[in-house]
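Hi everyone, thanks for making time for this one. Let me put the sequence and the structure up on the screen, and then we'll walk through a few spots together.

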Amino acid sequence: MRDIAVFSGTAHPELAAEICAHLGVPLHPARVSRFANDCLEVQLQANCRERDVFLIQPLSPPVQEHLVELLLMVDAARGASAGRITVVLPHYAYARSDKKDAPRISIGGRLVADLLTSAGADRVLAMTLHSPQVHGFFSVPVDHLHALRELSGHFRRYDLTNAVVVSPDLGNAKEAAAFARMLGTPVAAGAKQRFSDDRVKISTVIGDVTDRDVIVLDDEIAKGSTVIELMSHLRERQARSIRLACTHGLFSSGALARLSAQEGVLEIVCTNTVPIPAEKRVPKLEVLSVAPALAEAMRRIHNGESVSALFG
């Protein structure tokens, strides 16, 4: 592919390298340095002039560090006269801050979208945003991918005769229903109330899960509080087995170990939108790659082809 330049920040260079391998283009180097006063500086070490520039950077922990790094990459590309700048956001962490649900609270999802646009981003390629309205926070075009195809391909290997897809809450029920249609299974959902970042209450599970093989689907799992609360209800209703699936496997504060130790959990499946260090991984974890999907979307953006056709 000519006239394309791909760069990666420090958040997930392994994913960027895999994307470039699928595209058949080099991953150009970017130098990130730190001044004595702790300020970051970024230099894109390849020609950007009038080229289609893609900057790959998930907002994974440390989120603020990687966000500033990405903003500086966008600014550097704009200053280098890039023809078009596409920010590839495999994980948009601030998407969870998408509404004003308390007095005098910030809406980080919209603010960070404004920052990326002000820095010079012409387009955004995102994967599984926390909620649909986040798409509208951006004043530039957004191509919104999901990982349901990758996840469904994995679960089709099993006997799904007695399976049911369960969403931890009603907010994710639409995505869970789409996933269930892909697998040919019924769908159920938890009725959840959140009190704080790590304290939730699920009052009941809507749908039939008794003596069924449950696939719990969420967009991301961080501490795992919601999923653990949900699983207690699934066990009360005598679910036969439990498999956990998500797009963004953040697994903070020892979540992987806690989840894998839960009674009835056979498997934990996520994608590689964020890096999962080797020391965090457990035998029950399966990580699927979204690099082919992101690479194909980038190819279509570059060639002016339909991205939505990927999900046809």
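So, a question to get going: which residue in β7 does T86 stand opposite? Have a look while I say that what you see is a predicted model. Okay, the residue is R123: T86 stands opposite R123 in β7.

Let's stay with those strands for a moment. β6 covers residues 84-89 and β7 covers residues 123-127, and the two run parallel, with 4 bridges joining them. In general, strands of a sheet pair through backbone hydrogen bonds, and that can be parallel or antiparallel.

Now zoom out to the whole sheet. This is an open sheet of 6 strands, and the pairing is parallel. If you read across, the order goes β2-β1-β5-β6-β7-β8. At the edges you'll find β2, which is 27-28, and β8, which is 142-145, and each of those pairs on one side only.

Next, what lies across this sheet? Helix α8 does: α8 lies across β1, β5, β6, β7 and β8. Compared with β7, α8 runs at about 160°.

And α8 has a helix partner too. That's α1, residues 13-23, while α8 itself is residues 291-303. Their axes come within 8 Å and cross at roughly 55°, so α1 counts as oblique to α8. The crossing of α1 and α8 is right-handed, by the way. If you want to click on the contact, α1 brings L15, E18, I19, H22 and L23, and α8 brings A291, P292, L294, A295, M298 and R299. What kinds of residues are those? In this contact of α1 with α8 there are 8 nonpolar, 1 polar and 2 charged.

Okay, two loop residues before I stop. Start with N172, in the loop between β9 and α5. Is N172 buried or exposed? With a relative accessible area of 8%, N172 is under the 20% cut-off, so it's buried. Leaving out residues up to four places away in sequence, N172 touches S167, L217, D218 and D219.

P283 counts as exposed because its relative accessibility is 89%, over the 50% cut-off. And how far apart are the C-alpha atoms of P283 and A30? They're separated by 34 Å, with the two residues 253 residues apart along the chain.

That's my tour, so over to you.

Technical notes. Residues are numbered from 1 along each chain as its sequence is written. This is a predicted model: local features need pLDDT of at least 70, side-chain atom pairs count only at pLDDT 80 or more; totals for chains, interfaces and linings use all residues. Side-chain values use heavy atoms; hydrogens and water are left out. Axes are lines fitted to C-alpha atoms, for helices over the stretch in contact, and angles run from 0 to 180 degrees between N-to-C directions. Angles under 35 degrees count as roughly parallel, over 145 as roughly antiparallel, 65 to 115 as roughly perpendicular and the rest as oblique. A crossing is left-handed if the near helix is turned anticlockwise from the far one by less than a right angle, and right-handed if clockwise. Contact means heavy atoms within 4.5 Å. Ala, Val, Leu, Ile, Met, Phe, Trp, Tyr, Cys and Pro count as nonpolar, Asp, Glu, Lys and Arg as charged, and the others, Gly among them, as polar. Two strands pair if DSSP finds at least two bridges between them. Buried means under 20% relative accessible area, exposed over 50%, partly exposed in between (1.4 Å probe, protein chains only).
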